[in-house]
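The following exercises ask the reader to examine a protein structure step by step.

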Amino acid sequence: MNTAIGSQKLVLNYRGQRIELKSSARRFHLGRDFINQLVIKHKQVSRKHAEIKFQDGRFILTDYSMNGTYLSSESQERLWVFHQPWPLPQQGVMSLGDKPDDQNPDLIQYQLVSDEVEAEE
């Protein structure tokens, strides 16, 4: 008998690129250096700016930068994350190193979605 098991994934949209992070994935690194999974070439972005990981049932953003990471969503006011872990809200926008602004082409849209998987019993 097949049943659906729900798990979460995080969908990032950056400059037309769609990236899906499953809860089973390892850490995902963002920054200016080419060794990151998401490279953002902006002067305010640190080489190893931040990472996202799934921990305790949530996607957590941890900032390691000199300029911080800004998160904004409909459910909360814009907040500045600096050298600390922060659970990502259901959906929103993140801006690495610079305040979010509609004219900034380096904004990262994100959304948590359910990832239905078929499992056999």
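The exercises below concern a predicted model, and each is followed by a worked solution.

**Exercise 1. Aromatic pairs**

Task: Classify the ring pair of Phe54 and Phe59, and state whether each residue is buried, partly exposed or exposed.

Solution. 

Step 1. A search for ring pairs gives 3 aromatic pairs in the structure.

Step 2. The ring centres of Phe54 and Phe59 are 4.9 Å apart, and their planes stand at 65°. Planes over 60 degrees apart count as edge-to-face, and therefore this pair is edge-to-face.

Step 3. Phe59 has a relative accessible area of 3% and is buried. Phe54, at 27% relative accessibility, counts as partly exposed.

**Exercise 2. A pair between two strands**

Task: Determine how the rings of Tyr70 and Trp80 are arranged, and where in the chain the two residues lie.

Solution. 

Step 1. The centres of the Tyr70 and Trp80 rings are 6.5 Å apart and the planes are at 35°, so the pair is tilted.

Step 2. Tyr70 belongs to strand β7 (residues 69-73) and Trp80 to strand β8 (residues 76-81); the pair links distant parts of the chain, 10 residues apart.

Step 3. Burial is judged by the limit of 20% relative accessible area. Tyr70, with 13%, is buried, whereas Trp80, with 42%, is partly exposed.

Step 4. Ring pairs join Tyr70, Trp80 and Phe82 into a cluster.

**Exercise 3. Salt bridges**

Solution. 

Step 1. Side chains of opposite charge can pair when their charged atoms come close. In the whole structure, 4 salt bridges are found.

Step 2. Arg27 is in the loop between β2 and β3 (28-31), and Glu51 is in strand β5 (residues 50-55), so the pair ties together parts that are 24 residues apart in sequence.

Step 3. Arg27 is partly exposed, its relative accessible area being 43%. Glu51 counts as buried, at 4% relative accessibility.

Step 4. Glu20 is partly exposed at 39%, and Arg18 counts as exposed at 52% relative accessibility.

Step 5. A network of salt bridges links Lys9, Arg18 and Glu20.

**Exercise 4. The surroundings of Asp106**

Task: State which residues Asp106 pairs with through its side chain, and which residues it touches.

Solution. 

Step 1. Asp106 is located in the loop between β10 and β11. Its relative accessible area is 7%, and Asp106 is therefore buried.

Step 2. Asp106 and Arg15 form a salt bridge, with the closest N and O atoms 3.0 Å apart. Arg15 lies in the loop between β1 (2-14) and β2 (17-22), so the pair ties together parts that are 91 residues apart in sequence. Arg15 counts as exposed, at 55% relative accessibility.

Step 3. The side chains of Asp106 and Tyr14 are joined by a polar contact of 2.6 Å. The side chains of Asp106 and Arg15 also make a polar contact, at 3.0 Å.

Step 4. Leaving aside residues up to four places away in sequence, Asp106 touches Tyr14, Arg15, Ile40, Lys41, His42 and Met94.

**Exercise 5. The surroundings of Ser72**

Task: Identify the strand that holds Ser72, and list the residues that Ser72 touches.

Solution. 

Step 1. Ser72 is part of strand β7.

Step 2. Apart from residues up to four places away in sequence, Ser72 touches Arg78, Gln91, Gly92, Val93, Pro100 and Tyr110.

Step 3. Ser72 and Ser95 are 23 residues apart along the chain, and their C-alpha atoms are separated by 8.7 Å.

Notes:
Residues numbered from 1 in each chain as written. Predicted model: local features only at pLDDT ≥ 70, side-chain atom pairs only at ≥ 80, totals over all residues. Heavy atoms only, no water. Phe/Tyr/Trp six-rings, centres within 6.5 Å; stacked < 30°, edge-to-face > 60°. Buried < 20%, exposed > 50% of the residue type's maximum accessible area, 1.4 Å probe, protein only. Helix = DSSP H or I, 4+ residues; strand = E, 2+ residues; numbered from the N terminus. Salt bridge = Lys/Arg side-chain N within 4 Å of Asp/Glu carboxyl O. Polar contact = N/O pair within 3.5 Å; in protein donor to acceptor, adjacent residues only side chain to side chain. Contact = heavy atoms within 4.5 Å.
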